[in-house]
Amino acid sequence: MKTTYTLPIGPIHPALKEPVMFEFEIDGEKIVNVDVKAGQVHRGIEWIGTQRNPIQILYLAERICGICNISHPFAYCRAVENIADIEVPEKAEYIRVIIAELERIHSHILWAGVAAHEVGFDSVLYLSWRLRENVMDLIEYLTGNRVTKAMFTIGGVRRDITKDQYPKIENTIKYYRENMGKLKHVFLDDKTFKLRCRDCGILTKDNALKLCAVGPTTRASGVKKDVRVDQAYSAYGDLDIDYITPDILTGEVKGDVYDRIVVRLLEVEQSLDLIEQCLDRMPTSGNIAVEEKIPKLLATLKKVEGEGIGRHEAPRGEVIHYVKLTGEEHPYTWKVRAPTYNNILPWIPMLLGEQIADIPIVAASTDPCLSCTNRVAIVENGKKNILTGEDLHRLSVEKTRRLMRK
Amino acid sequence: MSFLSLSEWGFKIVIGTLLAAAFGIILGLVFKGIDRKIAAHMQARVGPPIRQPFRDVAKLFIKENIVPENAIPWLFNLAPIVGLIATISILLYLPIGGLNPLFGDKGDLILILYLLIIPSLAMVVGGFASGSPYATVGAQREMIVMMSYEFPLAITIVAIAWRLSSIVGGNVFSLATIVANPLWNNVGLLGFIGLILLLIVLVLVTPGELSKIPFDVPEAETEIAGGLLVEYSGRNLALFYLTDAVKTVVMGSLIIALFFPYNLSPLLGLNGYLANTVDILFYLLKLFVVIIFSVTLIRVGVARLKIDQVVYTYWIPLTLIGLIGLVLLMMDARAFIPLGW
């Protein structure tokens, strides 16, 4: 007779950087079944947003996620600009891309450190986070802040990148060109890393497509999906950019953790290229925002009606913001879909059949950002409920009936 | 034996044991501090001060000792004490510096092998008694790791004793005999290579024995949140911490006794207390080098292995290396050509 036991990982666990609940059914060391329960860090951000005006939401959007604090405002600004038909000045578009790519660099290197820690290789954690400091310094130099950068505004950016700032940016690019080789060598050639990451947490191309995985997670499985290329927005249309898949470096696509490391490290190099191209092509003069006076901008936005969608390729994948303005002070709806939302379900095929030891690195390999993701938590009489497909169907039928009666 | 000599003997045992315990604990904590400091510098950090482990233990002792609801309290509380006592008792059988072990004539390597299992076994019992799924997984893993490293460890010890038996008579498993006849002086080229291989095996068994990266699967912080120790707190955790510290000294001393039993005093022509002092200082230096190589360097340089990879590493490559070492020593015994030193 085979006996299995349950092993809860989470909501708080050293393997997880943010609260999420895994319930594993384990046979010896092997995972036979897994259930993921999100919703532990629901903060009601969207509700708070609908109590504020479009400019205030900008600051709220920045605080959805600490690491993606550019991606969310980027998508939000694009959604509002979409509604109000605002044309962003060319220079601002380039500055937006530069800042977004700097964010990608720091986010991916941060992730690399976390991944190293998950497999118990703390030396590499310290090495990669030391490398990351350089880009953080550059971000501070350009925007005034290391984390919440407050760089975006609707219809442009708030701070210029001037010609005399170029040398520092170029220095950072040079620094990473010199040091990425070291990082790649440690991650891709180290024997123990290979032992832990090769053929571990495989997401097949089929599953990646079926489960709508996004970002490096899906690209590591060989799916060519990248908003920056698919729907070249902002300045990305002018830049030379292509999908990053692991076969560029290794010649094959396996869709395992190792491939996800490859994709992220290659994307850091791609971001360096993109920033360089931006510096080459960015106009040296021109406005950086359509309207710098915020009250005036707000007055315009209060009159606008309609709905808009903003998409951006965040370091973790596609982030979508949906905004509906009805000509009032507060938006009618503000909906955020963070990339991790799509990457939750792919965890299940990745984890099934693996060992307990693989849980941290596989869970971390999608670079989850759960406070970005958590949008709904159903609490009734102090107890948390989970709505099944049937419940949702029943609720929608009820709502349709209610609407038809009106 | 008259009553007087018996009481004198008993007095010696009691004082000796207390001294050995204090020595093991203090030295273990100092080396833990040094290990942390050096590891920190290798990782480009400043690291904690060397006295940090002492502070940690002092703090743990004043903390609340929590026994989980579904634990078996007496077993849960007994395990750390048994572990520490067993570890300290090994020190009584190991030669330290130029001093002969307190119970040198009463126990040998085989006994030490058995005693080394007890702390791990105590941790397994404590883990199973804590009634937490993480601790249970950790306890299972600890047993598997134990089974894995015992084989290469046994090969090393048997090989050395066997080679020694072809040189000297008496109890070749006795540490006094081993220390008195360092093998390096008595083997040819083949035996020399064999001994190096065995040394490599023993150095790699040490992190497994001490639950250090890459063989720290029973405690794996990011996977099972500390595993065996997950439910331990306060005094009990401090005892396990001390067990770990003393065990580091024990493993280091074992490697020194088997492979580097040399002393400086005969070379310098010293005797008396001065010789003892010099020998103990030299022993501390050897211990430092051994611990740096077998614990610090390895744990800084690699990632944690999975449990199946741990078993593979110990059973296939390390056992093979050990067996090759054994065969080389056997061949060496047949055709003994001294190297001339």
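The model is predicted: local features need pLDDT of at least 70, side-chain atom pairs count only at pLDDT 80 or more, and totals for chains, interfaces and linings use all residues. Residues are numbered from 1 along each chain as its sequence is written, chains are lettered from A and ligands numbered from 1 in the order written, and side-chain values use heavy atoms, without hydrogens and water.

Entry on the sheet. I traced strand β7 (residues 317-326) of chain A and noted 5 bridges to β8(A), the two running antiparallel. Strands here are DSSP runs of E of at least two residues, helices are runs of H or I of at least four, and both are numbered from the N terminus. Two strands pair if DSSP finds at least two bridges between them. In chain A I read an open sheet of 3 strands, ordered β6-β7-β8, with antiparallel pairing. Its edge strands are β6 (305-314) and β8 (333-337), each pairing on one side only.

Entry on B:Ile316. I found B:Ile316 in helix α12 of chain B. I list B:Ile316 as partly exposed because its relative accessibility is 39%; buried means under 20% relative accessible area, exposed over 50%, and partly exposed in between (1.4 Å probe, protein chains only).

Entry on chain B helices. Which helices each supply at least two residues of the nonpolar patch? I noted α5 (133-165) and α12 (307-334) of chain B. The largest share, 5 residues, comes from α12(B).
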